[in-house]
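Welcome, and thanks for taking a look at this structure.

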Amino acid sequence: MRIFETLRAFQETAALKSAIELGVFTAIAGGAASPAEIASRCQASERGIRILCDGLVTSGLLLKHDGMYENTPDTAVFLNSHSPAYLGGIADFLCDPEMTACMMQGLTASVRKGGTTMGSEGTVSDDNPVWVKFARAMAPMTKPTAEFIAGQLPAGHLKVLDIAAGHGMYGITVARRNPAAEVTALDWEAVLEIAQENAATAGVADRFHTISGSAFSVDFGAGYDAILLTNILHHFDLATCESLAAKVCAALKPGGRAFTLEFVPNDDRVSPEVPARFALTMLFTTAHGDAYTFAEYEPMFGRAGFSSSAVHLLETQQSVIISTK
């Protein structure tokens, strides 16, 4: 029954989070298969592991044959901590206690209010520490979208600004693919420390520069070939988005382009599923944010000074809007 399953869905989230914390998928990838073997490697009780793993089987996250467990293709690749594609760290951000408590206990109040109950500005308050957690946790999720954006840029010397850079991986990917690109990342100082670590790991630290502060108040400089607006506009109302877009347009060279990565639902606002549901996240975490349609973004970018905008839906169900000055 859909009603029952939806009301208990938080248990599946909790089970997956616990399995990641215990290292269940890593233990199974390392050869543990029985409840006793997995429990030993995870330093947990055999009973607890059996019940947890059976629950993960019912959720499609583990397989079970003759009392033995094995990873699914997805969990083998993405939840084994020894895998280069490991994504388990995203649980630290997606299951952040403050945000989950606000959702479970405060959503009704947010619906009545029309915005977050997490302080006046929610997660977009100045220098909010949640973005340090975001930068630490979410970098592995960026690869498909970062590669798409970098692939749209030409070879040769480029001056690129990455606004609300977070982990920095969008700009870093541009710099890694193009040895003539100079990238400047803009974010809060504590967040930029993580981006600089990632740039050093990627071998592009000498071409990775930073500006600390709010995108709405700091000086961007000028003459950029490309400016990246990745997962920032949805936090604000359209008027605020337009003011930032106008500032971006002014900082670009003639013919320069802004690359906006967003959750963009269809005009019906209920499809595709992932971007349509994202509006709910904005309701309980921000004062005025939303998941905007392209029919809203396109004229907004036009008023901000761009001559044209085109939208590209990616396999991740996020969209990249490319706006040309």
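Helices (H or I, at least four residues) and strands (E, at least two) are DSSP runs, numbered from the N terminus. With that numbering, Met-1 sits in the segment before helix 1 (2-7). Please keep in mind that this is a predicted model. The points below go through surface patches, salt bridges, backbone features and a few loop residues.

**Surface patches**

- Met-1, Ile-3, Phe-4 and Leu-7 make a nonpolar surface patch of about 520 Å².
- Met-1, one of the residues in that patch, has a relative accessibility of 73% and so counts as exposed.
- A negative surface patch is formed by five residues you can pick out by name: Glu-121, Asp-126, Asp-127, Glu-189 and Glu-193.
- Within that negative patch, Asp-127 belongs to the loop between helix 8 (97-113) and helix 9 (130-138).
- Asp-127 has a relative accessible area of 44%, so this residue is partly exposed.

**Salt bridges**

- Side chains of opposite charge can pair when their charged atoms come close.
- How many salt bridges does the count come to? The count comes to 13 salt bridges.
- One of the pairs is Lys-64 with Asp-54, whose side chains meet at 2.8 Å, N to O. This pair links distant parts of the chain, with Lys-64 in strand 1 (residues 62-65) and Asp-54 in helix 5 (residues 46-58), 10 residues apart.
- Lys-64 is partly exposed, at 37% relative accessibility, and Asp-54 is partly exposed as well, with a relative accessible area of 22%.
- Lys-133 and Asp-96 also form a salt bridge through their side chains (2.8 Å, N to O). Because Lys-133 lies in helix 9 and Asp-96 in the loop between helix 7 and helix 8, the pair ties together parts that are 37 residues apart in sequence.
- Is Asp-96 buried or exposed? Asp-96 counts as buried, at 7% relative accessibility, whereas Lys-133 is partly exposed, with a relative accessible area of 31%.
- Glu-242 forms a salt bridge with Arg-303, and their closest N and O atoms are 2.9 Å apart. Here too the pair links distant parts of the chain: Glu-242 is in helix 13 (residues 238-251) and Arg-303 in helix 15 (residues 294-303), 61 residues apart.
- Arg-303 counts as exposed, at 55% relative accessibility.

**Backbone features to look for**

- Most residues other than glycine have a negative phi, and most peptide bonds are trans.
- Ala-164 has a positive phi, near 55 degrees, although this residue is not a glycine. You will find Ala-164 in the loop between strand 3 (158-163) and helix 11 (169-177).
- With 26% relative accessibility, Ala-164 counts as partly exposed.
- Arg-269 has a positive phi too, of about 65 degrees, and is not a glycine. Its place is in the loop between strand 7 and helix 14.
- Arg-269 is partly exposed, with a relative accessible area of 36%.
- Which peptide bond is cis, with omega near -15 degrees? That is the bond from Ser-271 to Pro-272.
- Pro-272 is found in the loop between strand 7 (252-262) and helix 14 (273-285).

- Tyr-86 is in the loop between helix 6 (73-78) and helix 7 (90-94). A relative accessible area of 25% makes Tyr-86 partly exposed.
- Not counting residues up to four places away in sequence, Tyr-86 touches Ile-20, Val-77, Phe-78, Leu-79, Asn-80, Ser-81 and Pro-140.
- From Tyr-86 to Met-99 there are 13 residues in sequence and 23 Å in space, C-alpha to C-alpha.
- Ser-34 lies in the loop between helix 3 (24-29) and helix 4 (35-42).
- Ser-34 counts as buried because its relative accessibility is 13%, and buried means under 20%.
- Leaving aside neighbours within four places in sequence, Ser-34 is in contact with Gly-67 and Met-68.

Definitions and conventions: Residues numbered from 1 in each chain as written. Predicted model: local features only at pLDDT ≥ 70, side-chain atom pairs only at ≥ 80, totals over all residues. Heavy atoms only, no water. Patch = residues over 30% accessible without salt bridge, like charges linked within 9 Å, V, L, I, M, F, W, Y side chains within 5 Å. Areas by Shrake-Rupley, 256 points an atom, 1.4 Å probe, with all protein chains shown as cover. Salt bridge = Lys/Arg side-chain N within 4 Å of Asp/Glu carboxyl O. Lys, Arg positive; Asp, Glu negative; His and termini not counted. Charge placed at Lys NZ, Arg CZ, Asp CG, Glu CD. Buried < 20%, exposed > 50% of the residue type's maximum accessible area, 1.4 Å probe, protein only. Contact = heavy atoms within 4.5 Å.
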